[in-house]
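I opened this structure to look up its helices, its aromatic rings and its surface. My entries follow in the order in which I checked things.

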Amino acid sequence: MKIDWAALGSVFGVSLVATLLLVGLFTLGIIGLSKQEQAAAQGGSAAMARTGAYACFGLCLAAVAYGIYLIVV
């Protein structure tokens, strides 16, 4: 049995980057929702923060759906 170390390293690198991006997007979504509450408490408009948060959550959902698609197909 021979291990292709280059392919293993490539899979590890792509998995690490994808994980960091997904966690980062989700974190930005949570921050956007918290800014929405802060803006509403100060009497301002929170539409931009809410829209950005929903966009981040949508991108997270799209990435997870694409991963499931790759596994199934």
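I began with F57, which is partly exposed because its relative accessible area is 23%. On this scale buried means under 20% relative accessible area, exposed over 50%, and partly exposed in between, with a 1.4 Å probe and protein chains only.

I noted what I was working with: a predicted model, in which local features need pLDDT of at least 70 and side-chain atom pairs count only at pLDDT 80 or more, while totals for chains, interfaces and linings use all residues. Residues are numbered from 1 along each chain as its sequence is written, and side-chain values use heavy atoms, with hydrogens and water left out.

**Aromatic rings**

I looked for aromatic pairs and found 2 in the structure. Rings of Phe, Tyr and Trp (its six-membered ring) pair if their centres lie within 6.5 Å; planes under 30 degrees apart count as stacked, over 60 as edge-to-face and the rest as tilted.

The pair of F26 and F57 is tilted, because the ring centres are 5.3 Å apart and the planes stand at 55 degrees. F26 belongs to helix α1 and F57 to helix α2, so this pair ties together parts that are 31 residues apart in sequence. I read helices as DSSP runs (H or I, at least four residues), numbered from the N terminus. F26 has 43% relative accessibility and therefore counts as partly exposed.

Y66 and Y69 form a stacked pair, with 6.3 Å centre to centre and 25 degrees between the planes. Both lie in helix α2, 3 residues apart, about one turn of the helix. Y69 counts as partly exposed because its relative accessibility is 48%.

**Helix α1**

How far apart are the end C-alpha atoms of helix α1? They are 54 Å apart, which agrees with the 54 Å that its 37 residues (5-41) should span at 1.5 Å a residue. The expected span is 1.5 Å times one less than the number of residues.

G29, G32, Q36 and A39 are buried in α1. The buried residues of α1 pack against α2, residues 47-72; contact means heavy atoms within 4.5 Å. After α1 comes G43, with a positive phi near 90 degrees.

**Loop and end segment**

I found S45 in the loop between α1 and α2. S45 counts as exposed because its relative accessibility is 67%. From C-alpha to C-alpha, S45 and V14 are 39 Å apart in space, and they are 31 residues apart in sequence.

Last, I checked V73, which lies in the segment after α2. V73 has 70% relative accessibility, so this residue counts as exposed.

Methods
Helix = DSSP H or I, 4+ residues; strand = E, 2+ residues; numbered from the N terminus.
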